[in-house]
Amino acid sequence: MHSSWEVLCFVILFTYLVGRTCVVSLYVASINDQSKKPKAVLFSVPAECYGVEIKRFLMQVTSDELSFTGCNFFTVTRTFMLTVAGTIVTYEIVLIQLNNVASGVPDQNNTINNYCSKLS
């Protein structure tokens, strides 16, 4: 990047993109949480109002899982999103540590270099 203006624009746009992605992901993950809220209301229905419709709706709310899926391989829930975020952060920390090691002191434990230097 050539100027501080380009760096500032990059930081602002990258922050906006990451923030928007996080907000949309958490919003999608909240669908699963919101789908479980009617369960408490349906369990508190009085016996005189309890009918076939409430029984069917209660059965559907308790047995079916309403959430976004990734081609039915995984469901997008809040726990899944936090696991993905933790994995990304862990991966970034490992990359930073490897970058520090690679740019630091040369490897003194390399047996080939030590052996060749003793021969000459």
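In this predicted model, helix H3 supplies the largest share of the lining of the second largest pocket, namely five residues. This pocket holds about 190 Å³ of space. Helix H3 covers residues 52-63, and both H3 and H1 give at least two residues to the lining. The lining is made up of Asn 32, Ser 35, Lys 36, Lys 39, Phe 57, Gln 60, Val 61, Thr 62, Ser 63, Asp 64, Glu 65 and Leu 66. By residue class, five of these are polar, four are charged and three are nonpolar.

Among the lining residues of the second largest pocket is Ser 35, which is found in helix H1. Ser 35 counts as buried because its relative accessibility is 17%, below the limit of 20%. Apart from neighbours within four places in sequence, Ser 35 is in contact with Val 61 and Leu 66. Val 61 and Leu 66 also belong to the lining of the second largest pocket.

The largest pocket contains about 350 Å³ of space. Its lining consists of Val 18, Thr 21, Cys 22, Ser 25, Leu 26, Met 81, Leu 82, Val 84, Ala 85, Ile 88 and Val 89. Helices H1 and H4 are the elements that give two or more residues to this lining. The greatest contribution is that of H4, with six residues. The lining of the largest pocket has nine nonpolar and two polar residues, and no charged ones, whereas that of the second largest pocket includes four charged residues.

One salt bridge was found in a search of the whole structure. It is formed by the side chains of Arg 78 and Asp 33, with an N to O distance of 3.0 Å. Arg 78, at 33% relative accessibility, counts as partly exposed. Asp 33 likewise counts as partly exposed, at 32% relative accessibility.

In an unreviewed entry, UniProt lists residues 7-29 as "transmembrane region". In the model, this span is 100% helix and 0% strand, and its end C-alpha atoms lie 33 Å apart.

Key:
Residues numbered from 1 in each chain as written. Predicted model: local features only at pLDDT ≥ 70, side-chain atom pairs only at ≥ 80, totals over all residues. Heavy atoms only, no water. Salt bridge = Lys/Arg side-chain N within 4 Å of Asp/Glu carboxyl O. Buried < 20%, exposed > 50% of the residue type's maximum accessible area, 1.4 Å probe, protein only. Helix = DSSP H or I, 4+ residues; strand = E, 2+ residues; numbered from the N terminus. Contact = heavy atoms within 4.5 Å. UniProt positions renumbered as here; feature names shortened; annotations may be inferred. 1 Å grid on protein atoms, 1.4 Å probe; cavity = no way out; pocket = protein on both sides within 12 Å on 5 of 7 lines; lining within 4 Å. Points joined across faces, edges and corners; volume = space filled by probe spheres on them. Nonpolar A, V, L, I, M, F, W, Y, C, P; charged D, E, K, R; others polar.
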